[in-house]
There are 2 protein chains.
Amino acid sequence: MGIDPGLTRCGVGVVDGSIGRPLSFVSAGVVRSAADDDLPVRLLGIEQGIDTWLDDYEPDAVAVERVFAQHNVSTVMGTAQASAVAITCAARRGISVAMHTPSEVKAAITGSGRAEKSQVQHMVARVLSLSAAPKPADAADAVALSICHIWRGGAQERVARAQQEFARKLELARQARGR
Amino acid sequence: MGIDPGLTRCGVGVVDGSIGRPLSFVSAGVVRSAADDDLPVRLLGIEQGIDTWLDDYEPDAVAVERVFAQHNVSTVMGTAQASAVAITCAARRGISVAMHTPSEVKAAITGSGRAEKSQVQHMVARVLSLSAAPKPADAADAVALSICHIWRGGAQERVARAQQEFARKLELARQARGR
């Protein structure tokens, strides 16, 4: 499951498959929050929306777009906050969470880290044998993130090791807090 | 309860009282996460730490320092993410969450929005009849946030109205997501 975080719209995309095998499109959509609600209500709505997606699809891994402070300053705080909610939702279930930058996603999908959005969407449709990329754009971005994550995942052994390491740290963190 | 968010250290401070009456210090401390852990583990640890504080003190309201993108760019993303986790923890329990800027806190405590940290700490100790401000600095900042929130809270009626409005929106958000 890929998540393209945003306070107003979080893109979510689910792709099934593994490296070296054809990938198949499962689902894509958007978790929205209303701009005129207070921040706590918005974050809570995003949490509930992401939890519903995790309940429905039980992904093996979650990939979240890595947010940079250099981007548009007016929206970056909200994006960082939405990403924190999404990451915590997945981590709470013990699902491994990876982060990829927008240029890593573009490079994985099109071969160029500076590809146009339209080129990424074209390749997403092609890779998944769809007549067009999922809509809206945030959903397509999240699907691209899922594909990127599978293709960058490398050997299954490496993924399994990372998940074990993650589970170990999670357990240590829980023990440290006595819960 | 005041929360001064940070990825490495979240200050937490609890103050009891209401506007126009002497305030009393209840507790202060820090929720930490290890810099060498992955972000998901860190955010989950912060969530568990904040949840423990909320369990232990059951605050009527939570005040979180408002984060600005203008601050130190290298830490601001982590601060925004930690704040999102703290805000969501409180909102999930139906506790009203307010945000105050650092200069609002300084102005409330010392009369000047540009006061030095040492001046704020001096006044925190004085207002709470303590021999010194709580340590470390993040804990003292969180206590200052609590005091600021009580003093800026205004009439109890206004707070109650805001809480009702918050509960209503929360319920609407829940219904909209069918959960």
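**Helix crossing and annotated residues**

Modeller: In this predicted model, α4(A) passes α5(A) in a left-handed crossing.

Biologist: What makes the crossing of α4(A) and α5(A) left-handed?

Modeller: The term applies because the near helix is turned anticlockwise from the far one by less than a right angle. Helix α4 (residues 117-127) and α5(A) pack at an angle of about 65°, and the crossing is assigned as left-handed.

Biologist: Which two values describe a helix pair in general?

Modeller: The angle between the axes and the distance between them. For α4(A) and α5(A) the axes are 10 Å apart.

Biologist: How do you know which residues of α4(A) meet α5(A)?

Modeller: A contact needs heavy atoms within 4.5 Å. On the α4(A) side, A:Lys117, A:Val120, A:Gln121, A:Val124 and A:Val127 take part. On the α5(A) side, the residues are A:Ala137, A:Ala140, A:Asp141, A:Val143, A:Ala144, A:Ile147 and A:Trp151. By class, the contact has nine nonpolar, one polar and two charged residues.

Biologist: Which residues of α4(A) are called buried, and what covers them?

Modeller: Buried means under 20% relative accessible area, and in α4(A) the residues concerned are A:Val120, A:Val124, A:Ala125 and A:Val127. Their cover includes α3 (102-110) and α5 of chain A. After α4(A) comes A:Ser129, with a positive phi near 55°.

Biologist: How do you know whether A:Asp4 is buried or exposed?

Modeller: The relative accessibility of A:Asp4 is 8%. The cut-off for buried is under 20%, so A:Asp4 counts as buried. A:Asp4 belongs to strand β1 (residues 2-4) of chain A.

Biologist: And A:Asp138, is that buried or exposed, and what makes the call?

Modeller: At 15% relative accessible area, A:Asp138 also falls under 20%, so this residue is buried. A:Asp138 sits in helix α5 (residues 137-152).

Biologist: Which residues does the record give for "active site"?

Modeller: The unreviewed UniProt entry places that feature at A:Asp4, A:Glu65 and A:Asp138. They are spread over 135 residues of sequence but cluster in space, with a largest C-alpha distance of 11.2 Å.

Biologist: What makes the pair A:Asp138 and A:Arg9 a polar contact?

Modeller: The side chains of A:Asp138 and A:Arg9 lie 2.9 Å apart at this contact.

Biologist: How do you know which chain A side chain B:Glu47 makes a polar contact with?

Modeller: The partner is the side chain of A:Arg92, at 2.7 Å, and that value is within the 3.5 Å limit. B:Glu47 lies in helix α1 (residues 39-57) of chain B. At 5% relative accessibility, under the 20% cut-off, B:Glu47 counts as buried. Setting aside residues up to four places away, B:Glu47 touches A:Thr88, A:Arg92, B:Val85, B:Cys89 and B:Arg92.

Biologist: How many helices and strands make up chain A?

Modeller: Six helices and five strands, in the order β-β-β-α-β-α-β-α-α-α-α. Buried residues make up 53% of the 179 residues in chain A. Of the chain A contacts between residues at least 6 apart in sequence, 66% join residues at least 24 apart.

How values were computed:
Residues numbered from 1 in each chain as written. Chains lettered and ligands numbered in written order. Predicted model: local features only at pLDDT ≥ 70, side-chain atom pairs only at ≥ 80, totals over all residues. Heavy atoms only, no water. Helix = DSSP H or I, 4+ residues; strand = E, 2+ residues; numbered from the N terminus. Buried < 20%, exposed > 50% of the residue type's maximum accessible area, 1.4 Å probe, protein only. UniProt positions renumbered as here; feature names shortened; annotations may be inferred. Polar contact = N/O pair within 3.5 Å; in protein donor to acceptor, adjacent residues only side chain to side chain. Axes fitted to C-alpha atoms, helices over the stretch in contact; angles between N-to-C directions. Nonpolar A, V, L, I, M, F, W, Y, C, P; charged D, E, K, R; others polar.
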